[in-house]
Amino acid sequence: MVILTCQKWFNSYAVASSIGIPVCDIEFPIDWSQDTYLIVVPTRGNEEIPGEMEFFLNNLVVESKKYLICELGNCFGCDESFGSAKIVSRVLESKNWSMAGPIFSLDTVPSIDWNELNLWIQNEVRHQCV
Amino acid sequence: MKSDINVFNAIRKLCYCTGAFEEDRCVSLDFTDERSVYTGTIRHFSQTEKQEVLSLMGRLQNLERLNLKKNQLFFLGEYNFPNLKWLDISSNSLDRTPDWLQRCPLEHLDLGANNIEKLPDWLSLLPLKTLKIHKNKISHIPTIRNTLECFNFYLNSIQSVPDFIYDLEHLTYLGFGAVQFREFNGVFKKLEWLSVVLTQLEELPQFLVDCPIKGIRAAKNKIKLLPHNIGDLKRLKHLSLYSNDLVAVPDSFFDLNLQRLDLKKNPMSPSEAARVVNNFSSIEYFQI
């Protein structure tokens, strides 16, 4: 598995770097030899994704991979999702990518919820890597 | 008048949009499509292509309703819409409020999720019922007329909550947060939705019990106390108290008829948490 994120997204890059899996920056050439990709992406504004991710998705030609999404955002409670994962997922599904596990919404406001992140890594990411 | 139809058809040749007509007058134009991934229908056009569409749009001077949200326009030129009452220009990376809006009889204005730093004083002259300015960089909010029913100013650069909000006697929706705020200094009688997030608020105010409130989103505050008679809120369906300082809930809490409840990240004892779980675990959404 390889993580796809962007160095410009401070929190996302910090989260991605902590997981212990190789990290690829979506603004640079990607190693597409893997079966599964973990996308770490923040939510911007009103349920939007950062411009870098929008550009990446619009130009994505690779098909039929598996993916996990860790979306970052501001949890208000009673949230089903922060928004960015819904967008990323729809685009990837349209390119025949398949979801390898449930979307993980990580609260990062006012600070990253490292406990939730570590639980998710233990329960989902490590399982995918076995 | 027939020209509105011609102009609308010309726009439709360039992009997807929907419109509404009253006789030959185009009164509504919508550049969004909720079925599309990014919502805005000209979002991925070049700036030149966007300007071509917007130039045609400017000829539809009978517009009363215009939806341009999530189109990443970056800039909105000069227009004359003397009948425009409803405008959504949220999520467009705009850095200013267009001046021509002061000549519109706007009742609904959504400027949310842009990069606006300053709001013009003439905003206080508009007959607004809805004003959404959340997620900008605004440091000062001019006094808004008390025609307002819906007001969202969450996540801006203001130092404190403006006092004029307590004069907005018709408010049914109030949303704010990420600002220095410890307590309400006035009451609201008609609130149906309250969103107060990321403040130092320690008590959910007693006045809410007298409101026809349907939803309360009070996440990430310092709330320790709920009104003792919160169970009297028979219309309340949606309650988020995620990440607060609640140790216990009052007995009347269990009289609530909630559909969605989030009490996650509160320092409740296992026995108190169990009491809540027993009462609410079967509702539509429940977290503790």
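Start by selecting B:Lys220 and A:Asp107 and showing their side chains: the two meet in a salt bridge, with N and O 2.7 Å apart. Keep in mind as you look around that this model is predicted. Side chains of opposite charge can pair when their charged atoms come close. Now widen the view to the whole interface of chain A and chain B, where the rule finds six salt bridges.

**The side of chain A**

**The whole contact**

The size of an interface is often given as the accessible area lost when the parts come together. Here chain A and chain B bury about 2100 Å² between them, and 45% of it lies on carbon and sulfur atoms. If your viewer can draw polar contacts, the count to look for between the two chains is 20 residue pairs, with both residues at pLDDT 80 or more.

**A pocket to explore**

Rolling a probe the size of a water molecule over the atoms shows where empty space is left. Go to the second largest pocket, which has a volume of about 380 Å³. To find its centre, select A:Cys75, A:Asp79, A:Ser105, B:Lys264 and B:Tyr285, the nearest of the 17 residues that line this pocket. Two elements give two or more residues to the lining: strand 6 (104-107) of chain A and strand 13 (285-287) of chain B. Strand 6 of chain A provides the largest share, four residues. By class, the lining divides into seven nonpolar, three polar and seven charged residues.

**A last stop inside chain A**

Over all chains, the structure holds 17 salt bridges. For one within chain A, select A:Lys86 and A:Glu47, whose closest N and O atoms are 3.5 Å apart. Where in the chain do A:Lys86 and A:Glu47 sit? A:Lys86 is in helix 3, while A:Glu47 is in the loop between strand 3 (36-42) and helix 2, so this pair links distant parts of the chain, 39 residues apart.

Definitions and conventions
Residues numbered from 1 in each chain as written. Chains lettered and ligands numbered in written order. Predicted model: local features only at pLDDT ≥ 70, side-chain atom pairs only at ≥ 80, totals over all residues. Heavy atoms only, no water. Buried area = accessible area lost by both parts, 1.4 Å probe. Salt bridge = Lys/Arg side-chain N within 4 Å of Asp/Glu carboxyl O. Polar contact = N/O pair within 3.5 Å; in protein donor to acceptor, adjacent residues only side chain to side chain. 1 Å grid on protein atoms, 1.4 Å probe; cavity = no way out; pocket = protein on both sides within 12 Å on 5 of 7 lines; lining within 4 Å. Points joined across faces, edges and corners; volume = space filled by probe spheres on them. Nonpolar A, V, L, I, M, F, W, Y, C, P; charged D, E, K, R; others polar.
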